[in-house]
Amino acid sequence: MKFELMSLPFAEAALEPYISSETIRYHYGKHHAGYVNKLNVLIEGKEYADNPLEYMVKYTNGAVFNNAAQVYNHNFYWLGLSPTNTTCSVALSDMIKRDFGSQEEFKKQFLAKAAALFGSGWVWLVLKNDGKLVVEEFSNADNPLCHNEIPLLTCDVWEHAYYIDYRNGRADYLENWWKLINWKFVSDNLADAQNDPMTGYAQPCNENNEICDYVDKMQENEHTPS
Ligand code: MN
């Protein structure tokens, strides 16, 4: 088994009442785990199978891309949530003010795009090549890595992310998802990107986080003589 399902950075019930443990059991335990399993089956024996997840996202297509990107997107989603209060760095606050006008206006734009996205997809806060923050929506598994942009935060608006708790009430899910955002994670991603604009969080590897931990582990394994 090449790729492993990341560990959740919080307990299954930690996001209640906004995201129930039942949702976590399905969303993380079935959907996310399913993408990991399918990806492993699809790449087994392939010459590119030893590359990191980011490589699969950027340089494959079809079913391999769909499953790899969904693993990447879900990793990013869970890491962007926190059951405890977190705060924005000064740098992130300043850039949000500069590029959106205010935190409130940023929230309005983000949630409006998330509510309007037709069908399944993801909404992201990204750092563009010109240094500006923008909110972008992508359908299905598509994500900022595929467009050479640096992802800072994502919200999953596939129905499986909210249907158990909110049925068709995507707007209510979005309002409550907003309360769970891990602003430290977003701030750290921005800091990493600014320290190293060629790579940023999107490439391996920065601070101690789940994605980097497993990329590190994979790289160690690759360098261990068998
Ligand atoms: Mn999902």
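Let us begin with strand β1, residues 121-127, which is mostly covered: seven of its seven residues are buried. Here a residue is buried if 20 or more other C-beta atoms lie within 10 Å of its own, exposed if 12 or fewer, and partly exposed in between, with C-beta atoms placed from the backbone. Strands are DSSP runs of E with at least two residues, and helices are runs of H or I with at least four, numbered from the N terminus.

Please keep in mind that this is a predicted model, in which local features need pLDDT of at least 70, side-chain atom pairs count only at pLDDT 80 or more, and totals for chains, interfaces and linings use all residues. Residues are numbered from 1 along each chain as its sequence is written.

In a regular strand, side chains alternate between the two faces of the sheet. In β1, Gly 121, Val 123, Leu 125 and Leu 127 point one way, while Trp 122, Trp 124 and Val 126 point the other way, and all are buried.

I turn now to the partners of β1. Two strands count as paired if DSSP finds at least two bridges between them. With β2, residues 133-139, β1 pairs in the antiparallel sense over seven bridges. Gly 121 has Ser 139 as its bridge partner in β2, and Trp 122 has Phe 138. The two strands form a hairpin with five residues between them, and Gly 131 in the turn has a positive phi of about 85°. On β3, residues 150-156, six bridges join the strand to β1, again antiparallel, and Val 126 stands opposite Pro 151.

Finally, what does Val 123 contact beyond its neighbours within four places in sequence? Its contacts, meaning C-beta atoms placed from the backbone and lying within 7 Å, include Phe 110, Leu 117, Val 135 and Thr 154.

Definitions and conventions. Contact = placed C-beta atoms within 7 Å.
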